[in-house]
Amino acid sequence: MDSPPILSLLTEDLLVRVLANLSDDSDRKSFRSACRSFLRVDSLHRATIRILRPEFLHGLLRKYRAVEAIDLSVCPRIDDATVSVLFGGDAAAEWTRRLRRLVLSRAVGLGWAGLGMLVRACPGLEAVDVSYCCGFGDREAAALSCAGGLRELRLDKCLGVTDVGLAKVAVGCGRLERISLKWCLEITDLGIGLLANKCPDLKHLDISFTKVTSESLQAIGTLQKLEMLALAGCGLVDDIGLDNLGIGCPSLQVLDVSRCDKISSSGLISVIRGHSGLRQLYASYCFFELSTTLLYSLTELKNLKTISVDGAQVSGSSFHMICTNCKFLVEIGMSKCKGVTDTGLIQLASACPNLKILNLTCCDSITDAAISAITESCRNLSCLKAESCNLLTEKSLDVLGSRSLLLKDLDLTDCSGANDAGLNYLSECSELLCLKLGLCANISDKGLSYIASNCTMICELDLYRCTGIGDDGLAALSSGCKKLKRLNLSYCNEVTDRGLQFLGHLKELSDLELRGLVNITGTGLAALAAGCRRLSELDLKNCENINDSGFWALAYYSRNLRQINLSCCAISDVGLCMVMGNLTRLQDAKLVNLPNVSVQGLELALRACCVRLKKVKLLTYLAFHLSPEILNTLTARGCRVRWD
């Protein structure tokens with residue numbers, strides 16, 4: 001592992017710059033495995049670390065002494081006792097003082113005592129994420145408020161937080177610049193008003209899907225530094241609130257009012273007239289039809305780069321006004337917009353050559369002519385969503401392959417015109433990272449082999465109900481797409497154990513859906529589990545021919561699994577206990593309709609994993625058959641039981 005002579009010529013500064021440009025985990029792993037000098041540079045300069053098991057933390061932090069950000073969101077269980085061990089004592093004092101960012105998302109067992117200890121141990125904390133912590137309430141918020149240097153806080157779906165807890169945070173963390181309160185249903189105008197008053201430095205505020213009204217916008221309007229405001233799904237906000245916003249927030253650049261049912265064009269026009277610096281505007285599912293006045297007002301937004309009007313009725317004049325007033329658009333969303341035609345898109349492509357992201361989902365009137373115009377004019381196109389655009393044929397894939405060489409994300413779900421010849425053309429897009437072909441009935445192993453041979457960078461592939469895909473296609477994938485992380489093969493009934501053996505060669509695979517594959521057995525699952533050690537999410541629903549031998553292999557090899565769906569599988573009591581007991585990182589399990597599992601077997605399996613389980617889905621009748629003790633234990637430990 002000694003450094004070859006040529007590598008010794010690279011200075012540490014150069015190696016650090018190389019390392020900084022490696023965003024993919026597998027690439028960083030390859031870097032530090034190359035030689036000792038590369039490993040040393042990685043150890044000395046690694047600033048972020050994601051922990052799978054909390055007991056490894058101290059050892060890793062002794063190795064990586066520059067770490068400032070720790071992600072504990074995938075740990076099986078983080079509670080007050082764990083925090084005491086991790087953050088208490090003299091051994092932890094050195095690294096806790098340099099900690100700046102901490103992710104505790106879904107740490108359902110963490111309470112106010114643990115948070116208080118954590119805040120005291122880490123005086124330099126600047127960013128904390130406690131989103132989706134179902135037990136997080138006002139006492140926890142009060143404990144967190146002692147982190148006076150906090151600049152960023154995420155409280156998404158912390159359902160126990162009320163205005164009282166938010167007030168504590170606002171008073172204690174007056175330097176906050178970013179806060180997300182999405183789905184915090186107990187937050188009202190009172191809390192938002194106090195937040196705006198006590199945290200004048202706020203730049204990013206997300207209160208989507210809360211119960212705030214237009215009164216909150218009056219207070220928010222006083223925030224002089226606010227750059228991003230998300231109000232998506234705030235059904236009580238109306239035009240009066242937008243009028244107030246229109247005369248405030250002079251620094252506003254990003255506004256999301258999607259699904260705000262009570263606003264109209266006049267309210268949005270008020271905001272536009274008061275904020276000529278807006279760069280991104282999201283107004284999806286707000287309007288039945290885009291008014292001429294609204295579109296005309298866009299002429300004031302000289303810096304507008306993104307606009308989303310999903311679900312609105314558009315016309316030829318709509319496109320003309322967008323083309324006239326928004327020539328510098330980089331992203332436009334028109335998903336499910338009625339009235340989108342070839343003529344309109346041809347105009348748009350000609351007027352907006354800088355377009356990179358285009359969402360045309362369910363715009364079922366467009367044809368190859370529109371895609372041809374888009375690819376001809378918008379040569380920097382990186383993302384195209386064309387789900388359910390059934391008039392597109394292989395000609396569209398031809399022009400995409402020959403012109404859109406920077407394309408990274410393509411959604412052709414339910415496009416009947418996609419076929420093997422089209423995939424051959426599309427394979428010229430060698431930069432593709434995400435390709436969705438679900439419900440494309442006219443593609444086969446031959447077409448998939450074209451993609452696998454040239455699109456070697458693909459990380460995500462959706463082949464849901466592509467019935468022409470079988471083992472030979474998976475053989476091509478396994479040899480060509482080594483970076484594949486997410487794969488959906490649900491209801492691809494030609495796939496057998498042989499296909500799963502090929503998938504076992506995809507070492508990076510982490511998310512796999514195999515729902516409804518009736519031709520796979522325990523032999524195939526065993527081969528898959530032995531090869532894909534990074535699997536974290538696995539869906540085996542309705543795979544009725546897998547026996548316990550496959551599940552035993554899964555329990556032995558797949559120690560990184562965090563989410564599994566075993567509904568309608570033939571697993572037995574013993575197999576289920578083995579899986580639930582051995583998978584020590586499992587947090588989410590769907591266990592519906594298990595014909596070979598008894599109530600007693602299910603209870604034993606739940607007891608084996610109740611310490612770490614965060615979500616479990618069961619048949620409703622089991623609420624009356626499982627013992628109150630196990631149900632109470634699950635609830636007390638923060639596990640959410642969903643009854644089907």
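In this predicted model, the end C-alpha atoms of residues 314–477 lie 41 Å apart, and the span is 39% helix and 11% strand. Residues 479–610 have end C-alpha atoms 39 Å apart, with 38% helix and 11% strand. Both spans are listed by UniProt, in an unreviewed entry, as "domain: F-box/LRR-repeat protein 15-like leucin rich repeat".

**Domain division**

- The protein chain is divided into domain 1, residues 46–204, and domain 2, residues 496–643.
- Between the C-alpha centres of domain 1 and domain 2 the distance is 31 Å.
- Domain 1 contributes 14 residues to the contact, and domain 2 contributes 10 residues.

**Helix pair α9 and α10**

- Helix α9 (residues 163–172) and helix α10 (residues 189–198) have axes that come within 9 Å and cross at roughly 0°.
- Angles under 35 degrees count as roughly parallel, so α9 is roughly parallel to α10.
- On the α9 side the contact is made by Asp163, Leu166, Ala167, Ala170 and Val171.
- On the α10 side the contact is made by Leu190, Gly191, Ile192, Leu194, Leu195 and Lys198.
- The residues of the contact of α9 with α10 comprise 8 nonpolar, 1 polar and 2 charged.

**Helix pair α20 and α21**

- The axes of helix α20 (residues 445–454) and helix α21 (residues 471–480) cross at roughly 5° and come within 8 Å.
- At that crossing angle, α20 is roughly parallel to α21.
- Helix α20 makes the contact through Asp445, Leu448, Ser449 and Ala452.
- Helix α21 makes the contact through Asp471, Asp472, Gly473, Ala476, Leu477 and Gly480.
- By class, the residues of the contact of α20 with α21 are 4 nonpolar, 3 polar and 3 charged.

**Helix pair α25 and α26**

- Helix α25 (residues 573–582) packs with helix α26 (residues 599–609) at an angle of about 10°, and their axes are 8 Å apart.
- The angle makes α25 roughly parallel to α26.
- From α25, the contact takes in Asp573, Leu576, Cys577, Met580 and Gly581.
- From α26, the contact takes in Gly601, Leu602, Leu604, Ala605, Ala608 and Cys609.
- The residues of the contact of α25 with α26 fall into 8 nonpolar, 2 polar and 1 charged.

- Helix α7 spans residues 112–121, and its residues Gly114, Leu115, Gly116, Leu118, Val119 and Ala121 are buried.
- The cover over the buried residues of α7 includes α5 (80–87), α6 (93–98), β3 (101–103) and α8 (138–144).
- Helix α13 spans residues 265–274, with Ser265, Gly267, Leu268, Ile269, Val271 and Ile272 buried.
- The buried residues of α13 are covered by elements including α12 (239–246), β9 (254–256), β10 (280–282) and α14 (292–297).

**Buried strand residues**

- Leu358 lies in strand β13.
- Leu358 counts as buried because its relative accessibility is 1%, against a cut-off of under 20%.
- Leaving aside neighbours within four places in sequence, Leu358 is in contact with Ile332, Ile374, Leu381, Cys383, Leu384 and Lys385.
- Leu358 and Ser382 are 24 residues apart along the chain, and their C-alpha atoms are separated by 8.7 Å.
- Asp409 belongs to strand β15 (residues 409–411).
- The relative accessible area of Asp409 is 19%, so Asp409 is buried.
- Beyond its neighbours within four places in sequence, Asp409 is in contact with Ser382, Cys383, Leu384, Lys385, Leu432 and Cys434.

**Loop residues with positive phi**

- Tyr285 sits in the loop between β10 and α14.
- Phi of Tyr285 is near 55°, a positive value in a residue other than glycine.
- With a relative accessible area of 29%, Tyr285 is partly exposed.
- Cys362 sits in the loop between β13 (357–359) and α17 (368–377).
- For Cys362, phi is near 65°, also a positive value in a residue other than glycine.
- Cys362 counts as partly exposed, at 26% relative accessibility.

Technical notes. Residues numbered from 1 in each chain as written. Predicted model: local features only at pLDDT ≥ 70, side-chain atom pairs only at ≥ 80, totals over all residues. Heavy atoms only, no water. Buried < 20%, exposed > 50% of the residue type's maximum accessible area, 1.4 Å probe, protein only. Helix = DSSP H or I, 4+ residues; strand = E, 2+ residues; numbered from the N terminus. Contact = heavy atoms within 4.5 Å. UniProt positions renumbered as here; feature names shortened; annotations may be inferred. Axes fitted to C-alpha atoms, helices over the stretch in contact; angles between N-to-C directions. Parallel < 35°, antiparallel > 145°, perpendicular 65-115°, else oblique. Nonpolar A, V, L, I, M, F, W, Y, C, P; charged D, E, K, R; others polar. Domains from an automatic or database assignment.
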